[in-house]
Amino acid sequence: MGILEVKNLTHSFGDKILYKNATFELFKGEHMGITGQNGTGKTTLLRSVIGDLTPDSGDIRWQKGIKIGYLDQHAKINQELKIFEYLKTAFDELYAVEKELNEIYENMAASVDEALYEKASDYQNLLVNRGFYEIESTILKVSAGLGINALGMNTPLKNLSGGQRAKVILAKLLLENPEVLLLDEPTNFLDKEHIEWLADFLKSFKGTFMLISHDFNFLDKVTNCILDIEFQKVTKYNGNFSKFLEVKGFRRENYIREFHAQQKEIKKQEEFIAKNRVRASTAKQAQARIKKLEKMDKIPPPQSPPKPTFKLISLPISHQKALKVYSLEIGYDKVLLPKISFEVKMGEKVVITGFNGIGKSTLIKTLMKKIPAISGTFKFADYVKTAYFDQELSWQNPNMTSLEIVAEKFPKLSQTEIRKKLAACAVMAKNVTQKISTLSGGEQSKVKLCILANTKSNFLILDEPTNHLDAETKSVLKDQLLKWEGNLILVSHESTFYEGITNKIINLKK
């Protein structure tokens, strides 16, 4: 018996079926990756097993007494706490034991009670065995691995960006050391060296985890089984991601063959019914075949996800410098970096690097005038028209549909034109009338991509555009950025994505 049993799980949104009668088990020690195209229901599945969402039908059973930790990047936390104080709350249980132990010591001073000595000894052993006296060094070790130390351990949580906050929440979850980890895109806000640290941590993790990630190299390193969602089915594969791809190819071919064989059989039966249902001699046979068709468990068609075909079209550029930045100080309540000065020449494509939390997104937001500069100046050339991709999945009105959002941005476009433009960014037709907040992270990012692709500009400013995107959409975006004739400032933690695109590096670490 597994520590998690899922039986006949069915989940849908409106008339969109994510999966039907999904059945699988998670066993102790399994490191499970969850894969599937954007919008297939990966996050929905994870939220269902944790109890945040109620499926249409099916049973979800956890082994009793299992300690589960879920990475909720939007969890409500005490914003007034400092980073170190917040991370210490991962050990609240041990601090409570220490408090009881101190009370026992006080009572022992006034009374010689053998039971108190035994209880004190048990508590002391528990604290030693659970690493209580190494808590501070443990916190600093995990914080260093995820790049949190650089933020300042005394920084209040309210001063953190969304990505920085997500890293701190991940650190607390790892420090809690639950028996089962449930992780949804944990690498999105991590730099290369921190992703490598997390991969090493998860490889040596003695517990069990379920993990969603679009970083296939990362999945390959840390998983020993894969749960794949495709064709409204959930299928479990043993082995890492590379082994899964190999086996899935054969299964997909078999699935397509079975689908076409069934379609051929259905057509044959329907032709017989059409010819014989009105004939007295064969009407009974026709009725029997009608009932047989009604009872048939029909195989869903092997629909391939829509392929992105969007294009980025640049406005003309001039021969003057596109951007001048002089002695710029950035930050919120305090300055994040020494004064920054740089120039972006005509046609230059720049990548901004530096560890997560150093201020890459803050610099971008300052240049886009989303937040004010603390001091210094910057100026875009008069001819420059910018287009901005914000990594955070936040919307002014989360109840609007993607159709409404794009229509608001481009009021001259007809509904048909908007649908075509969303389809070009691989937003599925059945999702365009759903509330934007109900779409997956990947689908929301594609809506942002649609807005970007249809904004007339000659200077793109992109903050982690590949977060949440599937491999095919990333590939098309990279190809378009290679062809882009205007200026570009890009923040990305994926070196494999920006290599070849950019011709200038601004390393904030230096």
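Start with the open sheet: six strands in the order β5-β6-β7-β3-β8-β9, with mixed pairing. Strands here are DSSP runs of E with at least two residues, helices are H or I runs with at least four, and both are numbered from the N terminus. Two strands pair if DSSP finds at least two bridges between them. This is a predicted model, where local features need pLDDT of at least 70, side-chain atom pairs count only at pLDDT 80 or more, and totals for chains, interfaces and linings use all residues. Residues are numbered from 1 along each chain as its sequence is written, and side-chain values use heavy atoms, leaving out hydrogens and water.

Now pick the edges, β5 (68-70) and β9 (233-238), each pairing on one side only. β5 runs parallel to β6 (residues 180-184), joined by three bridges; select Tyr70 and you'll find its bridge partner Leu182 in β6.

Next, jump to α12 (residues 402-409) and α13 (residues 415-424). Their axes are 10 Å apart and meet at an angle of about 110° (axes are lines fitted to C-alpha atoms, for helices over the stretch in contact; angles run from 0 to 180 degrees between N-to-C directions). So α12 and α13 are roughly perpendicular (65 to 115 degrees).

Finally, which residues of α12 are buried? Ser402, Leu403, Ile405 and Val406, buried being under 20% relative accessible area with a 1.4 Å probe, protein chains only. They cover an arc of only 165° around the axis, so they sit on the same side of α12 (the arc is that of the directions from the helix axis to the C-beta atoms).

Methods:
Parallel < 35°, antiparallel > 145°, perpendicular 65-115°, else oblique. Buried < 20%, exposed > 50% of the residue type's maximum accessible area, 1.4 Å probe, protein only.
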